[in-house]
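Student: Could you walk me through this structure? I have it open but I am new to it.
Tutor: Gladly; ask whatever comes to mind as you look.

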Amino acid sequence: MSEPAPAPAKRDKAAEKAKKAAAIAVEDPSKLAREYVNPTPPGEFKSFAQPMAQTYHPHEVEAAWNAWWEASGYYTASSDPLDTRPKFSICLPPPNVTGSLHLGHALTAAVQDLLIRWHKMRGFNVLWIPGTDHAGIATQTVVEKKLKKDEGITRHDLGREAFVGRVLQWKEQYGDRINMQLRRLGCALDWSRSVFTMDAPRALSVTEAFVTFHERGLLYRGVRLTNWCSQLKSAISDIEVEHLELDTRTRIAVPGYEKTIPFGVIWAFAYAFADGSGEIVVATTRPETMLGDVAVAVHPLDPRYAHCHGKRLVHPFLPDREMRVICDDQLVQMEFGTGAVKVTPAHDPNDFKCGQRHGLPMITVLDDDGNMNAEAGEFCGQKRFDCRFALLAALKAKQLFRGEEDNAMRLGVCSRTGDVIEPLLKPQWWVRCEGMAKRAADAVRCGDLKITPSFHEATWFRWLDNIQDWCVSRQLWWGHRIPAYYVRTLEADGSVSTAPEPIVARSEAAALEQLRARAHADGVRLAGGTGAPGSGPTGACVGEAWLEQDEDVLDTWFSSGLFPFSCLGWPDGASADLRAGWHPTSLLETGHDILFFWVARMAMCSLELTGKLPFTQVYLHAMVRDKHGRKMSKSLGNVIDPLEVIGGIRLEELLAKLDGGNLDAKEVARAKEAQTKEFPAGIPECGSDALRFGLLAYTMQGRDVNLDILRVLGYRQFCNKLWQATRFVLGRFPPGWRDEPLPCALDVTTPHGPTAQFESLADGWILARLHATCAAVNAQLATYEIGAAVATLYAWWYDDFCSTYIEAAKSALEGDSEEARRAVRLTLFTCLHYGLRLLHPFMPFVTEELYQRVLQLCGRPHTSVMLADYPDGQATAVWANSHVLTAMDVVKAVAAAVRTVRAEYLRGEHDRYAPHVFVAVASASTRALLVRHARLLSALARSSLQPEPASISIIPADCTPPRGCALAPVSQDTTVFVLLSGVVDLAAEATRLNKELARLGGIKDKLVGAMAVPAYATRVPLSKQAEDAAKLDDLSSQVAQVERALAQFA
């Protein structure tokens, strides 16, 4: 039952309370949310015994609903084979367990929750699987930094087992925060199926995939170039490498060096011919790698070097090294640089291929720590960039230095440590991808897998059609340890030998069985157990063999590539979810930045291991950036926790969080400066619904999201608009009211099917607009036009329902006709009932709160809005009525013109003045329409500050309204006149209009003069001529309007 309107004293008290709350919000934007105590026990239904609050407070509205939805089982999917509902399923891209979600994750969650709730309300059996990723490099890096910062120790001080224990402690401490954030966002995730990429079932999946790939000849161990991070002492994947685009010489801070190092420079030096006949000049951006040079390459057709082919060269620091001039038309571009290229096969991808073509030695001159090794001769032991400058000085001393110049280049750095990446030859585990990649590419080409937006298909094909083998091993301690076991044997001299091929097996026991079989065949004795890395088991005798598991772990993307089917129980064929047909899932929704790193790998792995695609559709949303278009970065201070937007946060708390992070002192200072500038008063409380709606509003296909937090705050005001509209509606129903069918006639003669006919134009119009909105939103969501769907819903709620229909309804509710009041109440109820259901997937909390109030109004039992039917165009087709829409457009346009004139002339002290209005109309049918709906026109011609006009007279166009009117043209045959005589200083207004007429006339004369130049027609582009013609028409129209207005004031 709705409450009566509060008495004036209560209104004053409520206003004072709201004013006080607003003052608190300015002083401490998170205080109200932080101190709020939720009175509803977890999982129970919220009490509605109290009247609606005067204003919307997100912390109160959002406090209890998610726990009730979850406890009620609304998030749990069914794998019952008898459940015949259509299925819709998504895997949440597992966020890294390293800490907390940022706004990019919030966008993913908002989009996916929208689609899940939309499908659920349309009768689908929905499954949304949550999970977290162990994030090998990211997590190990965070924990290592914390150990160094807090305890001054490294992982090596702890040892592998103890360090992994510390990482698990970190995961337990911070992993739940991610789930808490997702719950605060209202995500309808099936928590009963939550997984972690290193839990036991996922570990089984990873082992099975690795062994299967190996058994099928798709996985091998080989020595190839890798991206090596000296700080991590590990190879990393391409996605962990960030490329800095340097246009010129740039000094960059490198971990481990006190001074910055210059990059974007190319240095030239000479190699002398061994026969003393001269020299050949080469250039490089990495001089230290010349210690690994084994040849100089020239183009076979370059006449400059025709006499050099095959000549021996002298290495200035390693005179015993064999070096020659070789010909290679693939490596060398004659027009670039000197046309001669130094060849360092062990430290450059292109040189590596050249070395393979020519059978050149692969000489590595760097160790795992980034220091020069014994192959570097006199420079052995020097740090690589220290060596760079020592070597350049030595070249100058030997008179072999030939100069330097700035050089644009792309510098790869580790995204986790900031270290400069070195290409190093390392024995690693690799997956052959060519065949799997072809199947994944063909799936898109033949339409089995659809990617939206479609322009991302080019990236898909470019990467898969040119794929390289995938390095899947990492020299880390945190991750899935590789299920490969090396056979060690104790030799007579006390040394330990290793068999050339490791044993790949599903378990240590299975590997031991293989070893036993091999030992029996070869007559080898087994030692009594397995050993620690690098040593045999205690008591091993000469000639005895044992197993040692590979120390490396798998690339995080390996386990992530299995996620869509490993989370459903694969490889267990008896899994209820697999038997129920949840694989493949319906949709993969994620950011476009990981299309080929993750999405493509999931497609490849699933096709190879299950014979099916992992999903049938891929929707790629844009990247979230700050309002200035910058990438989110902790060091920039623009990485925002969604909870900071939901509940608000003081500036002091924002800055304190930076102090508790892993940034260095300089980065902390820069981030604090940025946050202080961006959020001087902190971040105001916006609520989950506003954050979700704001993120979704930005989701335009193919465009990045430049998120402005203040715009999100604007959507909190939209929530308040919904709140106030619902309060108004519920306050207009008598006690004990029950809903009933809408009072309307049914016209069955229309060509598009039966059409409802209402007595009130406004009633018919709002329902026709509601039908159009239902149809549009469903169509937009079906094609992932999410931003357009947000705009459609916002327009209906804000413009159509709140700003137009409620204003019209007020007039009818204040009228004498009980039948009209009954019809308006039913229409208002229908709009709320349908509108809240339409909006629910976008804004789940406030719509549930208000929907329960609507159910309470008419005595219906409480059931969640997420279980209600989602309105669509077919179910509401009877409300479609183009004639009503056209008629209402006319009335609205005239009313808007009246409000425009009043806003311009009747401001301040004249706000409450009710003017006489004249509407001059040439069309008899339009005059009749406006006369028929004069009451509605008058209601819409007022505003929140201004009363209805004193009168509205509809007159023929040839009738002259009284002098002293301000006019506003509505269309070619309709003009509005608002009588201002006696209220506004007409002489002053005439002076102003004369000035405006002179200004417009000057602009028009200048444009006419330019267009009259003889060469205008032949020299000015046609597009510019068309633009000028349109501008002249517009100016002429403005001049005519001002002249007509002057005539009224003369």
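Student: How far apart do the end C-alpha atoms of residues 985-1048 lie, and how much of the span is helix?
Tutor: The end C-alpha atoms of that span lie 13 Å apart, and the span is 89% helix and 0% strand. Helices (H or I, at least four residues) and strands (E, at least two) are DSSP runs, numbered from the N terminus. In UniProt, an unreviewed entry lists residues 985-1048 as "domain: Valyl-tRNA synthetase tRNA-binding arm"; UniProt positions are given in the numbering used here, feature names are shortened, and annotations may be inferred rather than shown by experiment.

Student: What kind of model is this, and which pLDDT cut-offs apply?
Tutor: This is a predicted model, in which local features need pLDDT of at least 70 and side-chain atom pairs count only at pLDDT 80 or more, while totals for chains, interfaces and linings use all residues. Residues are numbered from 1 along each chain as its sequence is written, and side-chain values use heavy atoms, with hydrogens and water left out.

Student: How many helices and strands are there in the protein?
Tutor: The protein has 33 helices and 37 strands, and its C-alpha trace spans about 115 × 80 × 60 Å along the principal axes. Of its 1050 residues, 52% count as buried, where buried means under 20% relative accessible area, exposed means over 50%, and partly exposed is in between (1.4 Å probe, protein chains only).

Student: In what order do the strands of the four-strand open sheet come?
Tutor: The order is 6-5-18-20, with antiparallel pairing; two strands pair if DSSP finds at least two bridges between them. Strand 6 (234-236) and strand 20 (470-471) are the edge strands, each pairing on one side only. Strand 5 (residues 219-229) is joined to strand 6 by three bridges, and Asn227 has Ile236 in strand 6 as its bridge partner.

Student: Which helix lies across strand 5 and strand 18?
Tutor: That is helix 10 (residues 349-358), which runs at about 140° to strand 5. Axes are lines fitted to C-alpha atoms, for helices over the stretch in contact, and angles run from 0 to 180 degrees between N-to-C directions.

Student: And at what angle do helix 9 and helix 18 cross?
Tutor: The axes of helix 9 (residues 200-215) and helix 18 (residues 595-610) cross at roughly 75° and come within 11 Å. Helix 9 and helix 18 are therefore roughly perpendicular to each other, given that angles under 35 degrees count as roughly parallel, over 145 as roughly antiparallel, 65 to 115 as roughly perpendicular and the rest as oblique. Ala209, Thr212 and Phe213 of helix 9 make the contact with Cys605, Glu608 and Leu609 of helix 18, contact meaning heavy atoms within 4.5 Å.

Student: Changing topic, how many disulfides are there?
Tutor: The count comes to zero disulfides, a disulfide being a pair of cysteine sulfur atoms within 2.5 Å. For Cys387, the nearest cysteine sulfur, that of Cys380, is 10 Å away.

Student: Is Cys387 buried or exposed?
Tutor: Cys387 counts as buried because its relative accessibility is 0%.

Student: Where is Leu331, and what does it touch?
Tutor: Leu331 is in the loop between strand 14 (323-327) and strand 15 (340-343). Not counting residues up to four places away in sequence, Leu331 touches several residues, including Ala297, Val341 and Cys354, and Leu331 counts as buried at 15% relative accessibility.
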